[in-house]
Each structure stands twice: as structure tokens, then as C-alpha cells.
Amino acid sequence: MSVILEFKDFGFRYTGNKEFTVRDINFRIRHGEFVMLSGPSGGGKTTLARAMVGLIPHFYMGEMEGSVLIDGVSTKNKEVKEISRTIGYVFQNPDNQIFMTTVIRDVAFRLEFMDLPKEEMINRVRYILDKLGIADLMYRRVETLSGGEKQKVAIAGVLVAQPKVLILDEPTAYLSPKSALGLMKLLDRLNKELGITIILIDHRMDLAIQYVKRMIVLYNGRIVLDASTKDALETALDKLYGINIPTISRLYHIFKRWGYNPPSPIIEAEDLSRYILKEVVKA
Amino acid sequence: MILVEDLWFTYGEDFILKNINLEIGKGEFIAIMGDNGAGKTTLVKHFNGLLKPSKGKVIVDDLDTSKASIYDLSRKVALVFQYPEKMFFSETVWDEVNFALKNFGFDEDYRIHRINKVLALLWLDGLKDRSPFTLSGGEQRRLALACALAWDPDYIVLDEPTAGQDKYQREILTKIIQVLVEQEKSVIIVTHDIEFVAELKPRVVLMYNGEIVADGAAEDILSNEKLLRSSGLYPPSVIDVSRPLFDKGIIKKPIINIHDFIAALEMLARG
Ligand SMILES: Nc1ncnc2c1ncn2[C@@H]1O[C@H](COP(=O)(O)OP(=O)(O)OP(=O)(O)O)[C@@H](O)[C@H]1O
Ligand SMILES: Nc1ncnc2c1ncn2[C@@H]1O[C@H](COP(=O)(O)OP(=O)(O)O)[C@@H](O)[C@H]1O
Ligand SMILES: [Mg+2]
Ligand SMILES: [Mg+2]
């Protein structure tokens with residue numbers, strides 16, 4: 001598959017900061033990948049997301065090294081608006097994203113320059129709200145939404161335009177377990193059925209583990225790990241700085257330390273129980 | 001004590017809170033859980049008088065929130081919002097905490113003492129000259145908590161404190177909560193973070209559609225799969241692993257967190 005996004009010796013220092021926030025960043029993302037970008041708070045995840053959508057260098061003041069290429073073209077030579085047609089970015093904080101008065105207006109906003117008939121626009125908005133379980137909030141004023149509802153509206157506002165690449169910056173932070181799982185399933189479908197490339201930024205692995213194939217970990221502004229999810233959980237636990245590791249994988253490593261050999265760090269709970277019953281507590 | 005009696009609340013049309021009864025004692029640690037839109041934030045906004053009951057009442061110690069001033073109530077009850085970055089407006093981290101204290105008219109010596117104390121407690125001393133707006137999400141979270149703890153309130157309400165927090169910050173938060181509870185503060189968290197609740201085992205108040213559907217020990221509620229699922233939650237994953245062992249009678253009760261599970265397995269291994 002061809003490369004859609006490439007970081008080449010990228011680095012960035014925000015004006016006013018002494019140190020570079022991120023440095024020596026090199027990686028490529030191919031069309032159709034579902035990648036997780038993780039690492040501790042302050043590691044530089046959001047900074048990389050800003051660079052992927054051109055907010056760095058176009059909006060954030062600072063010193064940039066190297067380059068970021070979208071379909072082979074440097075973000076320096078593209079306008080943010082143009083990039084946003086290819087890459088949808090769900091901000092870490094929905095308040096920075098939602099700016100219209102009502103849910104329908106906000107979500108329809110990104111469709112407005114597409115020249116769709118009004119009815120088609122409303123249908124698309126309703127469809128995506130329905131997928132996120134908030135169709136009944138379509139005509140609500142945004143300031144009356146609960147935290148999780150607001151987060152869903154921010155997500156809907158980006159999904160509705162069906163960008164080729166989706167970057168979601170901690171999209172499940174304020175979602176209930178049920179809503180979060182619903183979102184993961186939706187992302188998985190978008191990825192598998194429509195081939196949308198997905199970059200998920202998150203501290204927690206338990207939700208995404210079934211869907212994400214590749215993990216990139218940022219620590220102190222450097223990439224310290226770029227591996228398959230399974231390898232990351234099997235052999236690189238010490239590199240998963242700040243990440244909330246799934247319970248099953250933690251148990252896997254504890255059993256290993258005890259001298260057992262469970263099949264994999266990413267198995268279903270029932271399979272692990274069966275293993276425990278067979279090997280660990282074979283009374 | 002916070003006492004909620006027959007509380008009903010509406011923003012205008014439907015009732016968002018329905019017949020809520022709740023008693024929160026000094027030094028209690030409580031987690032309010034439930035699906036998005038269940039009414040959790042609406043409920044906790046009643047604790048410091050930000051919202052007033054449509055019916056029923058909320059009493060904090062000797063203050064009826066319908067009659068007491070926001071000033072008196074906020075001295076007692078600190079509320080950290082779901083999206084804390086919205087509250088910041090100072091130029092530096094230090095000033096932001098200082099502002100919270102100035103509001104209550106504390107003198108400078110006390111302010112400096114408290115600011116240093118809370119910034120250290122929240123690992124923010126290194127960032128005290130930075131602008132709150134340039135902090136990363138997790139750092140901002142901690143700053144909001146610092147502001148709330150600054151004037152030493154008795155009741156601390158944290159709306160989704162672990163949202164967007166990495167492992168280290170959850171560990172710091174765990175310690176902070178333990179310190180607060182030891183100091184006889186009441187700590188009330190609103191959270192979706194079932195693993196966090198399973199580890200800390202607070203009393204759990206479960207809400208669904210504006211009502212309290214369960215109120216009890218974390219171990220009872222978090223092992224009640226049916227109840228959880230019907231409220232938009234799932235059991236912690238240790239439950240899924242330990243359930244078959246419980247069903248076979250190998251362990252005596254369902255286990256909700258990894259430490260307890262490991263301890264139980266070690267016991268079994270030793271025989
Ligand atoms: N000002 C308002 N006007 C009308 N409805 C509102 C208003 N504020 C909140 N609501 C509605 O009340 C319900 C409860 O909201 P609340 O913020 O208490 O939910 P929550 O349990 O905190 O949810 P979340 O987990 O998403 O934060 C939601 O359906 C929300 O849309
Ligand atoms: N606009 C900004 N100005 C100055 N420093 C910033 C800005 N945005 C982020 N930073 C700093 O860069 C570092 C990385 O932040 P960020 O990319 O938000 O990390 P993450 O998303 O991994 O939590 C942090 O120390 C943060 O304080
Ligand atoms: Mg971030
Ligand atoms: Mg809420």
C-alpha cells in the first residue's frame with residue numbers, strides 16, 4: 001500500500017519554550033492502516049497531530065525541523081484548509097472544535113462547502129449522529145450537552161465529511177464504556193469497509209487492542225517504539241511509558257514471571273481463564 | 001455531611017434528575033458512575049449550589065443550598081469540572097492558583113504557603129511560570145485540581161478526574177485521593193473509569209436515566225454484570241477472567257482487580 005503520511009527528521013519547538021517538544025521523528029503511515037499513537041501526557045502526541053494537519057507550521061509559532069509529507073507533498077506547501085479535506089482531525093478538547101450554536105449546524109458545518117442539496121446534508125448529519133447514538137440531540141444547543149454528548153458531536157463533525165484519514169486525539173476520554181466501545185466498532189468499520197486510515201491517540205490500550213495493528217509510542221518527544229500491538233505487549237512492555245496496559249496482558253506477564261507460558265498477551269478473557277484452570281490452579 | 005432529599009431537577013422540559021436520595025458523610029470516598037447523559041454532572045452541580053433543586057433539597061452541613069450563598073458553599077465544596085481548561089484565564093500556573101485563593105480573601109503569607117503546597121502535591125512546581133494554556137491536557141487537569149484544593153475545602157468533587165490521564169497521573173491521583181481521605185475530606189468522583197474504581201474500591205453510586213439504580217460497595221456493584229450492562233457499563237476485565245474460577249468454587253467471591261486476583265492465585269498455588 002502506498003504511503004499517505006510521512007514524517008522526515010521532524011522536530012518542533014514552540015516559541016517561548018527552550019527545548020524542542022518533539023525531535024528526530026521518522027515514520028510512515030500507509031493507506032488503510034489503523035495505528036495507535038500513545039505515550040505519557042506531555043510526550044508530544046498532540047504536537048504530532050497538529051503537524052499532520054498542518055496546524056504546525058501554519059498556525060503554531062515556533063521552529064520546525066525536517067518535514068511532514070501528505071501524499072508526498074510537504075505540509076509547508078499546502079494550506080490547512082486543503083489538508084483538512086483529506087485529513088479529519090478530532091481535537092483533544094471538543095470545546096476547541098465545536099463553535100456553532102446547535103448540534104445540527106455544527107455537524108453540518110464541514111459539509112457546507114461540498115455543495116450538497118440541503119436534504120442530503122441533513123440526511124448525512126442524521127446518519128452519523130445515529131451511528132454515534134445521539135440522533136435525538138440533533139436540534140439541541142451545544143452548551144446544553146453533557147460532557148460525553150459534546151465529545152460525540154465533535155467526532156460526528158469530523159466523521160460526517162468522510163475524510164480519507166482520521167486523526168482522533170483521545171476521543172474516548174469522556175465517553176462511557178458503552179459509548180467508547182461503540183466508537184471503536186464504528187472506527188473499525190470505517191477502516192475495514194471504507195478503507196479509511198485511522199490514527200488513534202490514546203493512553204489506554206484495552207479498548208483498541210482488538211482493532212489496532214500498530215503502536216507508535218512517544219516519550220519525551222522521541223519515538224521509543226514502533227511495533228505491532230502484539231509485539232509491543234509481548235516484548236516491549238518497558239517501552240509502553242505511561243500507557244494503561246490491558247489487564248489480560250498484565251496477567252500474561254505475571255504468569256510468565258511465575259514460570260508459566262500462556263499463549264498470548266492479547267487473548268480473550270475466557271481463554272485466559274481456561275488456561276489458568278488448566279495450568280495455574282490445576283488443584 | 002451532604003444530604004440529598006427527594007431531589008428532582010429539570011432544565012426546562014423533562015426531569016433530568018428523578019427522586020434522588022443520597023447521604024455523603026465526612027471522610028467518605030464515593031464514585032458516581034453511569035452512561036453518558038445519565039445526570040451525574042447535573043447531580044454534583046447541586047452540591048455547591050451551582051444548580052438548585054426543582055423539587056426536594058440538598059443540605060451541606062448546616063447550609064441549605066437553595067438559600068446559602070455560592071460563596072459559603074464553595075468554601076466547603078470544591079468542584080473540578082469535566083473540561084477544566086475552560087476555567088483558566090491567568091498568565092501563569094502560579095497566578096491561576098493564587099487567584100482561586102484571593103477570591104476568598106486569604107492573606108499573602110497563607111496564599112504562598114498553600115500555593116507551594118498544592119503545586120508540590122500535584123507535581124506542578126516545575127511548571128509554575130508557564131501559561132496554563134500551553135500545558136498538555138494532563139498537566140491542565142492537575143492544575144484544575146490544584147486550584148480546587150488550594151483553599152482546603154472539606155468536600156472535593158472531581159468530575160471525571162482520570163479522563164485523558166496517563167498511567168503516571170492516575171497513580172498520582174490515587175495518592176492524592178488517599179491523602180485527602182486520610183485527612184477526613186469527602187472525595188466524590190464522577191467517573192467512567194471502571195478499572196480505577198475497581199482498584200480504589202470506593203462506595204459506588206450508579207445512575208441511569210436520571211435515577212440512582214444502585215448504591216453500595218464497589219465489590220458488589222462491579223461484580224454485578226447484569227446491573228452494569230443495563231447501565232451502560234461493563235465489568236472490569238478481571239471479573240471476566242476470575243468468574244469461571246468463582247463459578248467452580250475455586251475462589252470464594254468474584255474478584256474485581258488484578259492485585260486481589262494475583263493474591264488469590266498465590267494463595268491457591270501455595271495450597
Ligand atoms: N442546560 C441544559 N439544558 C437541557 N438539557 C441539559 C442541560 N444540561 C444537561 N442537559 C441534559 O441532561 C442530561 C444529563 O446531563 P449531565 O451533564 O448531568 O450528564 P452526565 O451524566 O454528566 O453525562 P456525561 O457522562 O456525558 O458527562 C443529558 O441528557 C444532557 O443533554
Ligand atoms: N502551544 C504550546 N505552546 C508551548 N508549549 C506547548 C504547546 N502545546 C504543547 N506544549 C508543550 O509540549 C509538550 C507536549 O505536549 P503535547 O503535544 O500536548 O503532549 P501530549 O498530547 O502527548 O500530552 C508539553 O510539555 C506541553 O506543555
Ligand atoms: Mg494531547
Ligand atoms: Mg458529565
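First a definition: two strands pair if DSSP finds at least two bridges between them. Helices (H or I, at least four residues) and strands (E, at least two) are DSSP runs, numbered from the N terminus. This is a predicted model, where local features need pLDDT of at least 70 and side-chain atom pairs count only at pLDDT 80 or more, while totals for chains, interfaces and linings use all residues. Residues are numbered from 1 along each chain as its sequence is written, chains are lettered from A and ligands numbered from 1 in the order in which they are written, and side-chain values use heavy atoms, with hydrogens and water left out.

I start with chain B. Strand β1(B), residues 2-10, runs antiparallel to β2(B), residues 15-24, and six bridges join them. Within that pairing, Phe9(B) has Leu17(B) as its bridge partner.

Now chain A. Its open sheet has four strands in the order β2-β1-β4-β5, with antiparallel pairing. Which strands stand at the edges? They are β2(A), 22-30, and β5(A), 73-74; each has a single partner strand, so one side of each is left without a neighbour in the sheet. β5(A) is joined to β4(A), residues 62-70, by two bridges, and Ser74(A) is the bridge partner of Leu69(A). Helix α1(A), residues 45-52, lies across β1(A), β2(A) and β4(A), at about 120° to β1(A). For that angle, axes are lines fitted to C-alpha atoms, for helices over the stretch in contact (heavy atoms within 4.5 Å). Angles run from 0 to 180 degrees between N-to-C directions.

Next, the contact between the chains. Chain B puts in 43 residues and chain A 41. Together they bury about 3500 Å², 61% of it on carbon and sulfur atoms. Buried area here is the accessible area (1.4 Å probe) that two parts lose on being put together, summed over both.

How many salt bridges does the rule find across the interface of chain B and chain A? One, where a salt bridge is a side-chain nitrogen of Lys or Arg within 4 Å of a carboxyl oxygen of Asp or Glu. The side chains involved are Lys178(A) and Asp35(B), at 3.8 Å, N to O. On the chain B side, α5, α6 (167-182), α10 (237-247) and α11 (258-270) each supply at least two residues that touch chain A. Of that side, α11(B) gives the most, with seven residues.
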